[in-house]
Amino acid sequence: MSTAETTNGDLAATIAAERRDLAMILAGLPAAAWDTPTLCQGWRVREVVAHITMPFRYRPPRFALEMVRSRGNFNRMADRCARRDATAPPGELAAALGDNERNPWKPPGGGLEGALTHDVIHGLDITVALGLDRRVPDDRLRTVLAAVTGPRSQKFFGTDLAGIALRAEDLDWSLGSGVPVSGRAQDLALVLCGRMLPPGQLRGEASARFTGIASREGGNT
């Protein structure tokens, strides 16, 4: 077996573990929690889960049709579909995640690293907003941090880090130079993805720059 095949196998197992962990969290949420706003602007827990599971529920022809209906704008399509699909019962949405832990979906051009990042970031959109003390395992975070610091991701999210030095408190990881902003690695990954975090998640005199109640872009990773 080649190194690439081994790496892909390891990543597939990691993605399955992440989906399994999040499905267990969702299964244990009280009904009212599904209507809680998340870090994705305008999306509650139910919309975020509908978005995470959309690739598993939509076959390519339906995806193409939804894109046509949204005039080729993916963000518009994702928002419209998430809001519509969020009306499904919470148990059905949670099952769509748990039943697809081995689904081979990958975002266009993102590979398995992109699939893991998609699941981790949106999972954090939910758990951080709910105040759940869920810590993403370090090996998953290292993959996510590598993905969200790539040029494609930085261009997509456009997070302004001018004059800011991000410093993880729980991993040997840092990015940039300037005024230090520190926090858990998973919270810094959220910053890089344009999320505004609840007060107290970050430290440093410039942390208020990344603190608020919603991200600039709802639902996009």
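This is a predicted model: local features need pLDDT of at least 70, side-chain atom pairs count only at pLDDT 80 or more; totals for chains, interfaces and linings use all residues.
Me: What makes Cys40 count as buried?

Reply: The relative accessibility of Cys40 is 1%. The word buried applies under 20% relative accessible area, and Cys40 therefore counts as buried. The same cut-off of 20% settles the matter for Cys193, which is buried because its relative accessible area is 2%.

Me: Why is Asp119 called buried?

Reply: Asp119 has a relative accessibility of 3%. Buried means under 20%, so Asp119 counts as buried. Asp119 is found in helix H6. Leaving aside neighbours within four places in sequence, Asp119 is in contact with Ile15, Glu18, Arg19 and Ile52.

Me: Is Arg19 buried or exposed, and how do you know?

Reply: Arg19 has a relative accessible area of 1%, whereas an exposed residue would need over 50%. Arg19 is therefore buried. Arg19 lies in helix H1, residues 3-27. Beyond its neighbours within four places in sequence, the contacts of Arg19 include Phe56, Leu97, Trp105 and Asp119.

Me: Why is helix H6 described as largely enclosed by the rest of the structure?

Reply: Of the 20 residues of H6, 16 are buried, and the helix is for this reason largely enclosed by the rest of the structure. Helix H6 covers residues 111-130 and reaches 29 Å from its first C-alpha to its last. That span is close to the 28 Å expected at 1.5 Å a residue. Gly131 follows H6 and has a positive phi, near 75°.

Me: What makes the buried residues of H5 line one face of the helix?

Reply: Helix H5 spans residues 90-98, and its buried residues are Leu93, Ala94, Ala96 and Leu97. Seen down the axis of H5, these buried residues fall within an arc of 155°, so they line one face. Gly91 and Glu92, on the other side of H5, are exposed.

Me: How do you know that strand E3 pairs with both E1 and E4?

Reply: Two strands pair if at least two bridges are found between them. E1 and E3 are joined by 5 bridges and run parallel. E3, residues 179-183, is joined to E4 by 2 bridges, and these two strands run antiparallel. Ser182 illustrates the arrangement: Arg167 stands opposite Ser182 in E3, and Ser182 stands opposite Arg203 in E4. Gly183 has Leu202 as its bridge partner in E4.

Me: Why are E2 and E4 called edge strands?

Reply: The open sheet has 4 strands in the order E2-E1-E3-E4, with mixed pairing. Strand E2 (174-175) and strand E4 (202-203) each pair on one side only, and they are the edge strands. Helix H9, residues 185-192, lies across E1, E2, E3 and E4, running at about 145° to E1.

Conventions: Residues are numbered from 1 along each chain as its sequence is written. Side-chain values use heavy atoms; hydrogens and water are left out. Contact means heavy atoms within 4.5 Å. Axes are lines fitted to C-alpha atoms, for helices over the stretch in contact, and angles run from 0 to 180 degrees between N-to-C directions. Buried means under 20% relative accessible area, exposed over 50%, partly exposed in between (1.4 Å probe, protein chains only). The arc is that of the directions from the helix axis to the C-beta atoms. The expected span of a helix is 1.5 Å times one less than its number of residues.
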